Structures are given as structure tokens and as C-alpha cells.
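Trainee: Can we go through this one together? I'd like to start with a helix.
Mentor: Fine, here it is.

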Amino acid sequence: MPQEKAEFLKGTLDMLILKVVAGGPIHGYAISQRIQQISKDFFQVPQGSLYPALHRLEERDWLEAEWKDTSTGREAKFYKLTRKGRAQLETEMLNWERLSDAVALILRTAG
Amino acid sequence: MRWLRRLWHKSLTERRLDSELQFHVEQQAAEYIAAGFPHEEARRRASIEFGGVERFKEECREARWENHLEILARDFRIAFRGLAKDRHFAFIAIFALALGIGASTAIFSVVDNAVFEPLPYKDSRHLVTIRLHDQDQADRWRGAFLFAEFQDLMKQNHVFDGMVANLEDDIVYTAGDGNLQLGGNYVTSGTFEFFGVAPFLGRSLEAADYQSGAPPVFVLRHATWVGKFNSDPSLIGKTFTLNGVSRTLVGIAAPRFAWGGADLWMPRGPDEPRVLREGDFPRHWGVVAHLRPGVTAHQASADLAVIAQRLSAVYPKEYPKHFTMEVLSFGSAVLSPRFRNSLYVFLAAVGLLLLIGCGNVANLLLARATAREKEFAVRAALGASRFRVVRQLLAESFLLAISGAMLGIFLAWAGVKTLAAVIPEFTIASETVIAMNGAVLLFALVVGVGTVFLFGLVPALQASRCDLHDSLRDTGKGVGRTVGRAGLRNAVIVLEVALSLALLFTAGLFMRSFVALQEVSLGLRMDHVLTARIPLPSGHYKTAAQLTSFFRPLLARLKSVPGIAFAAETSTLPPYGGIRSEVEVPGKAHTEKWNTLFQLCSEDYFSVLRIQFLDGRSFTEAEVNDARKVAVINQTFRRRYFGDENPIGRRIQLKELKEFSDPLNEPWFEVIGVVADVRNQGLQEPLWPEVWIPYTVTGSFMRGILVRTTNEPKSMIKAVGKEIWATDPSVAMAQPETLEYFLNLFTFAQPRFGLWLVTIFAVIGLVLVSIGVYSVIAYTTSRRTHEIGLRIALGAARADVLKMVLRKGLQLLLAGIIIGLGVSFALSRVLVSQLWGVSPYDRLTFVSVSGLLLLVGLIACWIPARRATRVNPSSALRYE
């Protein structure tokens, strides 16, 4: 039932990635898995968006990357939050809370 | 700098990107395997799920900064390839642009240096000189004053806050191995402070140097130090014998300091007045003043006029009956007014050239844009964004502009160098240095590069906005939407033709003028004549007898030198004037003053210059040596003052001789000969009556020698110098040169310079215009291939096709020529001062340049027209 799976709101993917990466160094595949798991498969992360987003966040110095061996012995690119990225995550979360509160308020009281 | 590293290690970056994405697919596949799928199936599913790897890679790349550099590089690569494919277009556009930028920068730089910023002195815009004009004789004025006058002007004026004066003096520097003639200047106290230029080496003249009893010192000009003293810094503090006085060199002036055009400057001490006289007469000083802040030249003239009225009572001999005082900017006073006008003509010419160049570039770009409309449409249809198309064109414009600009800067640099080297002497101030002007270069670059971007981009914006469908369907039948742009192209061509005609017309007039000047009959032979000024030290050469004691043996020695046919003394440089005097002829009554020129010369004067005798004879050697009062007159003198009467044996009086420092109280002379007219006011001014008398009658006035040689005159300079040294070692000759050299310098150098410059501009303009006409006609014709093919298929004769294309070109050319005629006549006001012996509306010149332009233009049309007649109708109709 892919048609029921939600499109990402503009900008939310970046926030979700930052949030997931905040938990510690993690590679791209694991990020997509985590988002899918935590959202209980509500968000299907398209790889076509994930990798450009990762590269974009790295370019902005919110993430930094390191090549390390995984548990299986293969080398993979692990992403880590930078100090700037942590600050960005906090701002975005604050904004998101305000937005969702406001939307919730309208949905509850309007009409 | 991460991006920079990535750019260097591009393959590593690419590998890592591959590896990262690969890792994702592997992990996914691993999960499917864990879920029980067979290996192959797991891998396939993972890949499908992941999607188009290449597309993601591209998106990842685009997230990175260095990617923009790559796109830019790609744009430039494509632009370069596009221009290389259209090589003719690129070369012509770059050439036109570079010429426009280079030529205009070079000329504007010269004008700026020579006219607007000629002087390197402190606040030079407020420096002025003073001229006293005789109101009764328009061309008579003096800009030099008695020292006492200078002091009075300085004390009594209310308009200047500084004033200095200089007195030129010939200096003979006596060195161990010979004499060196130098131009000296005595300067008044405070001169170097007034000009405010620090010396290059050593020190300037200081207040103490002007005091009574101060040790004699001098400052040397930089150019003289470099040219005649090998830039030797150890000379400072050394003593030089100048006109018999031991003077210490205290400093080298700043490189551009050239006050009075002198080689060296000496302080005028309080004891100097005795020395600085010409016989019993005080000499005149040049004056420069600095205007008080807020005072205009006009106010200053009024203030000085009041003082001059008082002074005219004190020094009545120095002032004409009616006079005015003029205060004029020092900068403009030192530039010859004729040359200033020439510069304005060059300025106008080069402006036209810049316009033609830009017009050509604009036309080429417009034509190219029209031809590429379809290409733009295809690109847009294939999904190129408008921004991408525009950026592509910008890259092309940028390449054109940058190449044109670089070549233009080079041409400007070369042009300034060349012009600085070939500007005739004595036309600009000695202080002026011709150098490239940065601001002007910037302006020309902005105009040129701006044209490229404007005409490169506007069609691109239009094209990218245009209806794709229309453009793709348009098969080049030259109809419809492109008509507007064709109109613009035609207008540009008509304008170019008009401007080019104006340039050609100017060049034609300059040429006619120059030819007229060269055809003037001089009345004397200039070839094989060597001349030199001989400044005699005033200390022991004052009277006629002293003067004769030098020249008589010198002339005798010179005549015995092998290679010298004749040698004579002269008081002026022919054919440039003589000494002006009022003249009396007994038995002739007249109301207005009778004027004549006269020359002080020796018996061989007429033989040296090969002047023809019409009547009577020349002086004998005995007559000259005995200072007999005999005279030879010219034909104009005879006609004007004797009419039909025989002048031989009659007497005339030269009144001016009474006023000389070594005066002649009864200056009556018996006429013994009449010679044919010889130019005596240069080539352009009307002849004056002229009289020749023996040089031995007075000790006054500047003297020189004329020598007719049997071989190359310049090769005789050394021999002549040796004879002068042998006659009196304290005398040196000044400016030994051939007569032809001076004639060229004073009369032909400037017109030739102007002629060359304008001709070069006109030729370049003509080339650009013919290229312009060719490209427009060729382009229009190629757009009409289909139509022409159709006409031929329907039975049109090839001659008709040829006529049709040529008619189009002829229309444009004729329109341009008519407008150009108007432009030329508008310019004639500027031109008239530059012309001699030809009218600024000269019909012959107009007809010939119009004919030339028409011919060249029609040839430019004929090439594409002929190509059009060769169109094969069947292939033309298939040409869809």
C-alpha cells in the first residue's frame, strides 16, 4: 500500500536525519532503516532523497563523515553530528513543536 | 577548503560516492537474504528498490559546491567550441572590439596627458602666464617682461599668491675635450618652492643660493643628465665651467621638471642684472604665476590691466599704443593651439572608430543570434532551463569580451608607446609625459565589453522566451518575426557607413591639404644645406667689429674645408622670417606704416640657398667686410614699395636698426640687387617684403651659419664644429641640423602626423565597414536561399537575382553616404583649422571618398550576391 505512505513535508527529512544521527555515528543504510522503524513504516525514506540530503547536510557542516569498518568488516561511511548540526537540530525541533502546536490548535478549535 | 581537496581528488570522491551507495544496496540485499530470498533475487530486489543510481549520484554531486565550477567550466568549453566553429565571426568580433578599445584609449590618453594634465607641478591647474596683446596688430603679443616690470607686477597685483620668472640663456659648457652647448635658465628666488617638485637627486636651489656673494650653483634637468651625462650620480658636488663661470652642480631635478624647457637652472642673484643684458638693453623674462584661490583668469586680467597702464608710463618703449593684458592657463599656453585642434580631430575620429567597431560587433552578434534561434528552441524543447541557455550565451559573450579586451589593452599599450614616440617635437609641453590612462582604458573597456554583453544577451533573452513551436517550424525563409531585428541590423550598417564616410572624408581633406603644402614653391633649394645657431658669449662679442672678428675668419676657414661649397652668415633660419622693421623709401608718401623683414648676412648667402637674382647683383666680399650700407631686396618689396620704378641705386631706411643694442644711427641702404621671392613666413603665411644687408653693420642680434655641402650635409657637422673651435674655443654651435630637418620639423611634421593618424583610422574604419556590409548581406542572402531557389525555378534570370541582392546593398550604402555627408559637414567646423589650401567642403574629395566607399561596399555585397546566383533550385527547395 505505497500510496498511503506519506510524502515528507518540505524540510522535515533534514530534521529527521539530524535527529537520527544525533544518537551517534551511523551510516546511510542504518539511517533509512531507523526512520522506517521508528515511524512504524509510516515514512518510507526514498534513497533518492536520502543520499543527496546527507551530502547537502555535510556540505553545510551540520554533519561530518568518517569511513570506518562495520561489524561485518566492510568499510562504510559513518555520519556524525557537528556542533553546528546540534544547534540546528534544536532550532528545527523548536520550530516544529511550535508549528505542530499551532496546527493542532487550529484543527481542534476552528470551524 | 574541503571542496578544493575534493576537486583535486575527484576520482577518489567519485569512488567513495560509488562505495557509499553500493554499501546501501549490499545491506539491503543482505536483509533480503536473511529473510530467505536467494542471492540473485535479493540483489535484484535491492537494486530495484534503490532506483537509478546515476541519477542519485548526480543529485549528490549537485549538492556540492565544486559542482558549480564544473558546470561553469563546461559552459566555457561549449562556448569555446561554438566560437571555434564560427572562427570568422569570432576573429572579426574580437578584432573590431580590440581596435575600438585600443585606438580610443591610445588617443584619449594622449589628449588627457597633453591637454588636461600636461604639467607635473603643484596645483598646476591654477598656474597662469601673462600676455600683453597689441590691440592694433592682432598677431603681436609678448609674454615676457623686463625684470623691473616683473617686480612691479609681483608687488602691485592683488590676484596672485606666487610669481616666478625665468630668463633663457645659451650656455657653453667647457669640458676638457670640447664644448657642449646647453639651454640655461636663470630663475628667480623661490622658483623650486613655487613648483613644489622635490629633486630627483641632491637638492633644489634654495633661498641662500640667490643671495649676494653666494657660491655659483646650478640644478641639471633629469633628461639632460640621462642623455648627456650618462646618469652619473657622482657629478653632484662637482664644478662645471659654464660660460666661463665655475658653477657647482647641487642637484638633478625631478624627471618631469622642465621649466622653460631648459637643460639647467641657475639662481638669479642680485649681481646678475649687469650680466643678464643684451648690450645696453635689459632682457625679457618669462613669467608664471599662481592664482589666489577663487580668483578667475578674467579677474586677474582686469587687475593686471590697471598695473600695466601705470607701467606703460614708466617704460613707454615696451608698450604699444593700445594693449590688453591676458591671463591664460599655463597648461594651455605651452601646448601649440594648432596641435590642440589636431588632437580634437583625432578624438572625434577615434570616437567614430569606436562606434563603428561596436556597431560591427553588435551586428555580428545579432546576425549570429538570429541564425541560432532554432538551436535555442531545440535546447529549450529538450528541457534546458532559460537560465541555462542564457548562461551559455553569457559564457560566449564573456569569452569574446575578454579576448577583445585583452587584445585591446595590448593595442592601447602599443598605441600609446608609438604615439609618444612619433608626436612631433615642440607641439606639447616639455613636461608632458604621454602614458596610458587607466580611467580611459576602463571606460573603453566598459563600452566595448558592454556592447558584447548587450547585443549578445538581448537576443538570447528574446530567443529563450520565444514560442518554441514557431521557431522550430521556421525554416529560414526570412519572413515574419525576424523583420524587427533585420531593421536594427540595417540601421547599424547605415550608421557604420555614415561614420566611415566621415572618417574617409577627413582623411581625404588632410591628404589634399598636405599635398597642397608640399607643392608650395619655396624659391630656394633646401637640400645639402647645414645650419647652426652660434650663440656668441656676450662678454666679448658686443660690437659689430668684435662680431666680424669672429665670423670673417670662420667663413674663410669653412670655405676652405673640402666638401663645403659655400658658407654664409645668417641672422634667421630660412624660410621662417627675419627681423621686422619699419621701412622708409624717399619720395614715397604713405599714410600707414610700411613694414619689411630684413636679414643680416654675408655675400655667399644667395649662393648657399641658390636664390635667383632678377636684377642687379649680390654683395661683394669687400662690401661685407667694410660694412658698406648696401641692400638686396625681394620681388615683393620691389612691387609693393617701388611699383614699376627701377629700385637699383635707390635708398631705403630700416628704422629698427636705430633701436638695436648696437645701433646704427643712419640706417640708410643703397639697393644693389633684386632677388626672386623666397618664402619668409613659413609655407602657409603670405610672403613679406624682405631686405638683405651685410651682417657687419651691427653687433646685435642672434647669428648663425648656413653651409652648402657637396655631400651628405650631416656628415659635415664635425668638420664645421672643428673650425668653430679653432676660431674661438669659447664658442659652441647650437642645434647643428640640415635645413630640410627644420623644414620638416616646423612645417611638415604635424600635418604628416595628423595625416597618418587619420588615414590609419579611416582605413581601419573602411575595413570594418566592408566586413559589416558583407556579413549583413551574406546573412540576409543565406536566409533567402529558399526564396531565391524558388525564383530561379520559376524562371528568374541569374542577373535578376544578382541585381536584387545588389540593390539591397546599394540602398544601405547610399543611405549611409547621405547621412555621412551630413556628419562630415557638421565636423567641418573642427576641421577647418587643420586644413590649408583646401575647403572643408571640397567636392573632389567628397566624390572620390564616396566612390571608394561605394566600390568597396558593392564588392562586399557582390561576393554573397554571386553565391546566391549559383543556387541550385532543386537543392534550395529541399533545403528545409
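Trainee: Which residues of helix 27 of chain B are buried?
Mentor: In helix 27 of chain B, the buried ones are B:Thr845, B:Phe846, B:Val849, B:Ser850, B:Leu853, B:Gly857, B:Ala860, B:Cys861, B:Pro864, B:Ala865 and B:Ala868. Buried means that 20 or more other C-beta atoms, placed from the backbone, lie within 10 Å of the residue's own; exposed means 12 or fewer, and partly exposed is in between. Helices here are DSSP runs of H or I with at least four residues, strands are runs of E with at least two, and both are numbered from the N terminus.

Trainee: Why do residues three or four places apart point the same way?
Mentor: Because an α-helix has 3.6 residues a turn.

Trainee: How far does helix 27 of chain B reach?
Mentor: Helix 27 covers residues 843-869 of chain B and reaches 37 Å from its first C-alpha to its last, close to the expected 39 Å. The expected span is 1.5 Å times one less than the number of residues.

Trainee: Where is the kink in it?
Mentor: At B:Trp862, shortly before the proline B:Pro864, with a bend of about 25 degrees. That is the angle between axes fitted to the seven residues ending there and the seven starting there.

Trainee: What should I know about the model itself?
Mentor: It is predicted: local features need pLDDT of at least 70, and side-chain atom pairs count only at 80 or more, while totals for chains, interfaces and linings use all residues. Residues are numbered from 1 along each chain as its sequence is written, and chains are lettered from A and ligands numbered from 1 in the order in which they are written.

Trainee: Now the whole of chain B. How many helices and strands?
Mentor: Chain B has 28 helices and 25 strands. Its radius of gyration is 39 Å, well over the 29 Å that the globule rule gives for 880 residues, so chain B is more spread out than a compact globule. The radius is taken over C-alpha atoms, and the rule is 2.2 Å times the number of residues to the power 0.38.

Trainee: And its spans along the principal axes?
Mentor: About 135 × 75 × 60 Å for the C-alpha trace of chain B.

Trainee: On to chain A. What pattern does it follow?
Mentor: Along the sequence, chain A reads α-β-α-α-β-β-α. Of its 111 residues, 25% count as buried.

Trainee: What is its mean pLDDT?
Mentor: For chain A the mean is 81, and 88% of the residues reach 70 or more. pLDDT is the predictor's confidence in each residue, from 0 to 100.
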